[in-house]
Amino acid sequence: LKIWAIADLHLSFTTPNKGMEKFGTKWLQHYDIIKKHWIESIAEDDLVLIAGDISWAMRVSEAKADLDWIGELPGTKVLIRGNHDFWWESLKKIKTVLPESMHLIQNNAFHWNDISVGGARLWDSDEYSFSEFIDFSGPLNEVDQDKESQQKIFDRELIRLENSLKQLDPKAKSRIVMTHYPPIANSLAPSRAASLLEKYGVDICVFGHLHNIRKGLTLFGEKKRGVTYHLTACDYLDFKPIQIG
Ligand SMILES: [Fe+2]
Ligand SMILES: [Fe+2]
């Protein structure tokens with residue numbers, strides 16, 4: 001039983017005008033590359049963590065084709081919402097179309113064998129920034145918000161994160177958290193979100209959201225104050241899921 005992660009799939013099977021190739025040729029039919037690597041490495045009894053930005057769809061009915069595409073791949077999948085997941089309406093509504101092998105985290109936790117998984121989307125934080133590692137911004141990374149509303153959303157997300165953390169099984173062999181936005185700076189200096197992860201004994205945190213990270217940099221994959229951090233945005237991983245456990 002292995003644990004894998006890959007985030008920011010940005011699928012668009014029912015919204016082809018949202019194809020990712022406009023963000024660079026590396027994104028050309030990126031879903032086929034993901035699928036190839038996924039099938040090669042992931043087994044039916046493995047767990048796959050998808051930390052948000054799953055589909056470009058605007059409603060659940062449109063997202064169904066994207067969810068079905070993920071659902072047919074091997075493994076049990078756990079998802080959280082990213083900032084581009086506008087289709088993510090209520091859990092109740094999503095569950096009407098959600099394939100059996102997929103599970104959602106929102107103010108709750110998911111238990112799989114002796115592993116407990118929690119998570120929350122988070123948001124841009126004024127505590128840290130990654131702009132120095134990103135070659136160009138554009139619509140995937142853009143921030144267009146005043147500091148005060150950004151702060152408000154971030155504060156609310158921390159409450160959601162803690163709601164989820166409270167439901168992690170303290171006896172689990174491994175406690176894993178997914179956030180869409182990074183919960184910590186690249187320096188791994190203390191942050192509010194990281195303090196929560198430490199307080200609840202989280203072992204591993206995977207996140208996504210950061211696209212177009214400059215090549216050749218070693219970001220994350222390191223353990224700090226008990227938590228190992230992994231950036232899992234699919235373009236950062238060259239569209240190949242990484243094994244985290
Ligand atoms: Fe993304
Ligand atoms: Fe994102």
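"Buried" means under 20% relative accessible area, "exposed" means over 50%, and "partly exposed" is in between (1.4 Å probe, protein chains only). Keep that in mind as we look around.

What you have here is a predicted model, where local features need pLDDT of at least 70, side-chain atom pairs count only at pLDDT 80 or more, and totals for chains, interfaces and linings use all residues. Residues are numbered from 1 along each chain as its sequence is written, chains are lettered from A and ligands numbered from 1 in the order in which they are written, and side-chain values use heavy atoms, with hydrogens and water left out.

**The sheet**

Let's start with the strands. Helices (H or I, at least four residues) and strands (E, at least two) are DSSP runs, numbered from the N terminus. Two strands count as paired if DSSP finds at least two bridges between them. Strands of a sheet pair through backbone hydrogen bonds, either parallel or antiparallel.

In this model, five strands make an open sheet with mixed pairing, in the order 4-3-2-1-11. Strand 4 (102-104) and strand 11 (242-243) sit at the edges with a single partner strand each, so one side of each has no neighbour in the sheet. Strand 3 (residues 76-79) runs parallel to strand 4, and three bridges join the two.

**The salt bridges**

Now for the charged side chains. A salt bridge here is a side-chain nitrogen of Lys or Arg within 4 Å of a carboxyl oxygen of Asp or Glu. The whole structure holds 10 of them, including these:

| Pair | N to O distance | Relative accessible area |
|---|---|---|
| Lys36 and Glu40 | 3.3 Å | Lys36 49%, Glu40 55% |
| Asp68 and Lys64 | 2.7 Å | Asp68 23%, Lys64 36% |

Both pairs sit inside helices. Lys36 and Glu40 are four residues apart in helix 1, about one turn. Asp68 and Lys64 are also four residues apart, in helix 2 (residues 60-71), again about one helical turn.

Another salt bridge joins Asp235 and Lys26, with the closest N and O atoms 3.1 Å apart. Asp235 is in the loop between strand 10 (227-231) and strand 11, while Lys26 is in the loop between strand 1 (3-5) and helix 1 (30-41), so the pair ties together parts that are 209 residues apart in sequence. Is each partner buried or partly exposed? Asp235 is buried at 5% relative accessibility, whereas Lys26, at 36%, is partly exposed.

Finally, Arg121, Glu157 and Arg160 are linked in a salt-bridge network.
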